[in-house]
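Work through the exercises below with the sequence and the model at hand. Try each task before reading its solution.

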Amino acid sequence: MLPAVVKLCCGISYPHLRSMAGLQRTAVAVIGQEITQLQRWGQVQHHMRTHAGLKYSEPKPEDIKPVPSKEDQLFYVQQGQEAMRKALSMLEDKQGWKVEITESNGDVICSKVMSGDRKVFRLEAVLEASVDELYDLLFVRVEEMHQWNPSIQHINVLKHVGPDTIVTHEISAETAGNLIGQRDFLSVRHSCRQKSRVYLGGAAIQLESFPPQAGFVRAEDGPTCIIIQAMEEDTRKSHFTWLLNMDVKGWLPKSVVNQALPRAQLDFTRHLRRRLTASATLG
């Protein structure tokens, strides 16, 4: 879900993913409840502003995190939900996956050619962290990601849409050896939780108020998703499944892009592990 995270091996072979269709139905069921919750959330805000005697003023243009209108709230949530549904559907289809990279630590990346001759990449790994810790790092505190991932220059949350959906602007860092070069991304990100599992989905979005930035190529991410599943034998560890689906735009040869994207997944996972180790040491 996470573009810069440049921002799963053939088939779905891990025990907790043997029935991805079941996971998809579960995720869709959870997502279906969120619209009702969001509507209630919007109604409560409206009630507080109009009946509690509070003076409310519209966000100023310079505010970086304005509260969206109720119609916008539903639009962004629906965009995030649809991105997650499409990404889960890609993972559910076990046909056509080919192993790209197998690491000595057990990390595996597979790829699949989709319509339009575009490759998507699926990384699977086991991380020494709980579901809650990873959710906090990758969604709640997403604006801090540049502090531990040098491939990101910054991520700004432009809109908070309820507790589970955000709109972000992200710029990748200018680093030596980066075959793709700097890109910026405008994305809607959505999360939902089901028991010991968290889903993070996302996709590119367009906003008239935030056009492509001068000096950057506006890349498009998604539909993409991350599934974080607690390990049955040790809930302090999590199985991490990441579907990366990205159109980097520009004039780069497809062979260069297909080489760089899976390496970026491995780099991101390495930086994430370092961040988790540092947290464990400090804790």
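A nonpolar core is a set of buried Ala, Val, Leu, Ile, Met, Phe, Trp, Tyr and Cys residues joined through side-chain atoms within 4.5 Å. Buried means under 20% relative accessible area, exposed means over 50%, and partly exposed lies in between, with a 1.4 Å probe and protein chains only.

The model is predicted: local features need pLDDT of at least 70, side-chain atom pairs count only at pLDDT 80 or more, and totals for chains, interfaces and linings use all residues. Residues are numbered from 1 along each chain as its sequence is written, and side-chain values use heavy atoms, with hydrogens and water left out.

**Exercise 1. The nonpolar cores**

Task: Find which residues of the largest nonpolar core touch the most other members, and which elements give two or more residues to this core.

Solution.
Step 1. The largest nonpolar core has 38 residues, and those touching the most other members are Leu 138, Met 145, Leu 200, Ile 228, Phe 240, Phe 268 and Leu 272.
Step 2. Two or more residues of this core come from each of strand E3 (118-127), helix H3 (131-140), E4, strand E7 (197-204), strand E10 (224-231), strand E11 (234-244) and helix H4 (254-282). Helices (H or I, at least four residues) and strands (E, at least two) are DSSP runs, numbered from the N terminus.
Step 3. A second, separate core has 14 residues, among them Met 84, Met 90, Trp 97 and Tyr 199.
Step 4. Take Phe 240 as an example: leaving out residues up to four places away in sequence, its contacts (heavy atoms within 4.5 Å) include Leu 123, Leu 138, Ile 228 and Phe 268.
Step 5. As background, nonpolar side chains tend to be buried together in soluble globular proteins.

**Exercise 2. Strand E3 and its partners**

Task: Work out how E3 pairs with E2 and with E11.

Solution.
Step 1. Two strands pair if DSSP finds at least two bridges between them.
Step 2. E2 and E3 run antiparallel and are joined by seven bridges; one of the facing pairs is Lys 112 with Val 120 in E3.
Step 3. Three residues separate E2 from E3 in a hairpin, and in its turn Gly 116 has a positive phi of about 85 degrees.
Step 4. E3 also pairs with E11 in the antiparallel sense, over seven bridges, with Leu 123 opposite Trp 242 in E11.
Step 5. Seven of the 10 residues of E3 are buried, so the strand is mostly covered.

**Exercise 3. A second hairpin**

Task: Describe the pairing of E4 and E5.

Solution.
Step 1. Strand E4 (residues 152-161) pairs with strand E5 (residues 165-172) in the antiparallel sense, over eight bridges.
Step 2. Opposite His 154 stands Ile 171 in E5.
Step 3. The hairpin of E4 and E5 has three residues between the strands, and Gly 162 in the turn has a positive phi of about 70 degrees.

**Exercise 4. Asp 107**

Task: Is Asp 107 buried or exposed, and which side chain makes a polar contact with the side chain of Asp 107?

Solution.
Step 1. Asp 107 is in the loop between strand E1 (98-102) and strand E2 (108-114).
Step 2. Asp 107 counts as buried because its relative accessibility is 3%.
Step 3. The side chains of Asp 107 and Arg 273 are joined by a polar contact of 2.8 Å. A polar contact is a pair of N or O atoms within 3.5 Å; within protein, one must be able to donate a hydrogen and the other to accept it, and residues adjacent in sequence count only if both atoms are side-chain atoms.
Step 4. Not counting residues up to four places away in sequence, Asp 107 touches residues including Ile 101, Glu 124, Leu 266 and Thr 269.

**Exercise 5. Cysteines**

Task: How many disulfides does the structure hold?

Solution.
Step 1. A disulfide is a pair of cysteine sulfur atoms within 2.5 Å.
Step 2. The structure holds zero disulfides.
Step 3. For Cys 192, the nearest cysteine sulfur is that of Cys 225, 9.9 Å away.
Step 4. Cys 192 is buried, with a relative accessible area of 4%, and Cys 225 is buried at 1%.

**Exercise 6. Backbone exceptions**

Task: Where does Lys 195 lie, and which peptide bond is cis?

Solution.
Step 1. Most residues other than glycine have a negative phi, and most peptide bonds are trans.
Step 2. Lys 195 is not a glycine, yet has a positive phi of about 55 degrees. Lys 195 lies in the loop between strand E6 (183-194) and E7 and counts as exposed, at 73% relative accessibility.
Step 3. The peptide bond from Gly 222 to Pro 223 is cis, with omega near 0 degrees. Pro 223 lies in the loop between strand E9 (220-221) and E10.
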